[in-house]
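Happy to walk through this one with you. Let's ask what lies behind a few of the labels used for it.

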Amino acid sequence: MKNEAAASAAIERETQEQEIHDADPGLTRHESERAVEHQRLSALTVFAIIRREGDEELHRPLLSLWWSGVAAGIGISSSVLAQGILTTALAGQPQADLIAKLGYTVGFVLVILSRLQLFTENTLSVVLPALSDPSRKRFVRWARLWAVVLAANLVGTLATAWFAWQFSAYWPDHLEGMLTVSRHAAEPAGLSAMLLGIPAGFFIAALVWMLPSAKGFELPVIIMFTWLIAAGGFTHVIAGSTEMFLLAFNGELGFAEALLLHLLPTLAGNIIGGTGLFAMLAYGQIHAEI
């Protein structure tokens, strides 16, 4: 699959160079190459890149997926910490809430640029190989990866929430800020949490699709779309689990309530938005070209 993607990209590049040269024969080969470098990646090339990455993830050992997922759960919790710190620091200031939402982007920057396993990224990347070449074995690997990564992410967020609550005496202001953020995040429940999870799943999948084309601009792209999730009040199952677990440890929410009314509906919404909408649309636009 890796060789196939590389060969596809090389063939497309040569074709583009020839088309540019044919359109303007006065260009040297070097100028044609430079022109191609400044062209955007085609949808088919982006698909090939993400499909290759997804296929590699599907074949990783379970232990590697597990520890990468736990690390991602811990890392994504820094979104709640950063947002809590900003919420406390900006209390009473104009537009404080929108500015504090920038803290939400911290965990996503950490996890995505560190190449850790975040469940909502996998609603696109590991789905594309199964769509392009469906088989029972691929679907089994897909289900295995989803189960392992989701469980690992939740273990990471659970451990982080417990640590923040257990040692709250050392950072009472930070904890209070995190609890304020968490209480706001817990307002949507049930169907509302699911519906708000659909745009979040769509935006994360779109972010994964855009990153191959965002050479050198990965950071602003990640910040822009994850801030949009926070500013829009959309729900994200992994970042949101830190908030729900923190409220549960603080006695404000039961663990069963956190799971049934918040996390499971949000999970369904994220999958609908990431796999049911964006992955299908992304595959649909290049299906005839494969």
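This is a predicted model: local features need pLDDT of at least 70, side-chain atom pairs count only at pLDDT 80 or more; totals for chains, interfaces and linings use all residues.

Q: What makes the contact of H5 with H7?
A: On the H5 side you will find Ser78, Ser79 and Ala82, and on the H7 side Thr105, Val106, Gly107, Phe108 and Leu110. By class that gives four nonpolar, four polar and no charged residues.

Q: What makes up the lining of the largest pocket, by class?
A: Twelve residues are nonpolar, six polar and eight charged. This pocket has a volume of about 630 Å³. Of its 26 lining residues, Glu53, Arg115, Val208, Leu211 and Pro212 are the closest to the centre. Helix H3 (43-58), H7 and helix H8 (122-125) each give two or more residues, and H3 gives the most, with five.

Q: Which helix gives the most to the lining of the second largest pocket?
A: That is H14, with five residues. The second largest pocket has a volume of about 310 Å³, and the closest to its centre among 22 lining residues are Ala185, Gly233, Phe234, Thr235 and Glu243. Its lining has eleven nonpolar, eight polar and three charged residues.

Conventions. Residues are numbered from 1 along each chain as its sequence is written. Side-chain values use heavy atoms; hydrogens and water are left out. Contact means heavy atoms within 4.5 Å. Helices (H or I, at least four residues) and strands (E, at least two) are DSSP runs, numbered from the N terminus. Ala, Val, Leu, Ile, Met, Phe, Trp, Tyr, Cys and Pro count as nonpolar, Asp, Glu, Lys and Arg as charged, and the others, Gly among them, as polar. On a 1 Å grid over the protein atoms alone, a cavity is a set of points where a 1.4 Å probe fits but cannot get out, and a pocket is an open set with protein on both sides within 12 Å along at least five of seven lines; lining residues have an atom within 4 Å of a point. Grid points are joined across faces, edges and corners, and a volume is the space filled by probe spheres set on the points.
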